[in-house]
Amino acid sequence: MSFHDKFDDLKLLKPVIFTGKEVLLLDQTKLPETEKYLKLKNCGEVAKAIKTMKVRGGGAIMLAAVYGLALSAINSKGNLKILKKDAEILKNTRPTAAALSQAIDFILRIAEKSSNVAEDVQQAANWLFKKTVEMEIKVGENGSKLFEGGDKVLTHCNAGALAAAGYGGVTLSVFRKCREKGKKIKVFVTETRPYLQGARLTLWELKKFGFDAVLITDNAVGYCMQKGMIDKVLVGADRIAANGDVANKVGTYLIALAAKKHKIPFYVSGTIDPKTKTGDEIKIEIRSPEEVLIFNGKRIAPKNIEVFYPAFDITPHEYVTAIITKDGVFKPPYNFGG
Ligand code: MRU
């Protein structure tokens, strides 16, 4: 039985698998049409896959990266200098998500003390995988307490199974736990331009688990709230600062503003970064204009225009009704600084 088979009872969607020789990534750019795994043999290939969104979502990129480091340690026969260089490359692929850099630093600390780097890095990566699954289940359990049967819940981007180890991330896990408790939830999903994580990925996984779901365009959020179609919002977070400010997929802030206006609870679940005091300190990833300009292989705007494409935004803590973590549900005032 391989390490990943141990989780079979949990029905993981398996965005990231490590075979001991290769990192297998479910190619998220091909979903929902094609369910195909990329087979990556070295850390450079993993870094490229993260950068080009073959794997994406805070938890999943973290796991891909730590297994990328396992390949680096194996291929270099435990060479620390190479491991550190690869760690730096991986950290720079997607700067906003807290879990990625936290996990890479954790692996490096273990490698520095190790007498068998290749073996210990693999073990540490597997440990992080197990911890991620446990976190998803706990977040699901804690978050499910905030929802009632019949709730219509809006979510943005994909912070579900494909954005973590595969149980349900920090959103689908909540819906799975609600179902276990007999609470029927209907999920409204924004399409999430330009990568369409909502339309392609969140709906793919919600359908896999048979949830009632509706796709809306990003700019229909205000309309749906105004018409009383949304009871609660649940979004993931790539990084939550000590004061409760939230970095998540661009558009999250606008949803929070609209939720406040309509007195709709706005819930966030994700990774806390106690070292980041406020949202001002969070580095926002600016991605390539091509991702906005090209749709389905076709250019959609005139040539020679300026494009500004921040991939994330910051929602100030005053818009956040509660923060869900593996340790519980936190209400304002937030202070995760320790
Ligand atoms: O650019 P992406 O697709 O990696 O962005 C992902 C998100 O914004 C998710 O909502 C986020 O990773 C939350 S997962 C804890």
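A residue is called buried here when its relative accessible area is under 20%, exposed when that area is over 50%, and partly exposed in between, with a 1.4 Å probe and protein chains only. Helices (H or I, at least four residues) and strands (E, at least two) are DSSP runs numbered from the N terminus. The model is predicted, and local features need pLDDT of at least 70, side-chain atom pairs count only at pLDDT 80 or more, whereas totals for chains, interfaces and linings use all residues. Residues are numbered from 1 along each chain as its sequence is written, and side-chain values use heavy atoms, with hydrogens and water left out.

On these terms α2 is mostly covered, with 16 of its 18 residues buried. The expected span of a helix is 1.5 Å times one less than its number of residues, so the 18 residues of α2 should span 26 Å, and the 26 Å between its end C-alpha atoms agrees with that. Just after α2, Lys 77 takes a positive phi of about 55°.

A nonpolar core is a set of buried Ala, Val, Leu, Ile, Met, Phe, Trp, Tyr and Cys residues joined through side-chain atoms within 4.5 Å. The largest such core has 48 residues, and Val 16, Val 23, Leu 90, Val 121 and Phe 129 are those with the most contacts inside it. Among the elements that give two or more residues to this core are β1 (16-18), β2 (23-26), α2 (58-75) and α5 (117-144), and the largest share, 12 residues, comes from α2. Leaving aside neighbours within four places in sequence, Val 16 is in contact (heavy atoms within 4.5 Å) with residues including Val 23, Ala 60, Leu 63, Ala 64, Tyr 67 and Phe 129. Apart from this core lies another, of 29 residues, among them Ala 161, Val 170, Ile 185 and Leu 201.

Leu 201 is also one of the buried residues of α7, a helix of residues 197-208. Nine of the 12 residues of α7 are buried, so this helix is largely enclosed by the rest of the structure. What covers those buried residues includes β2, β4 (152-155), α6 (172-180) and β8 (246-249).
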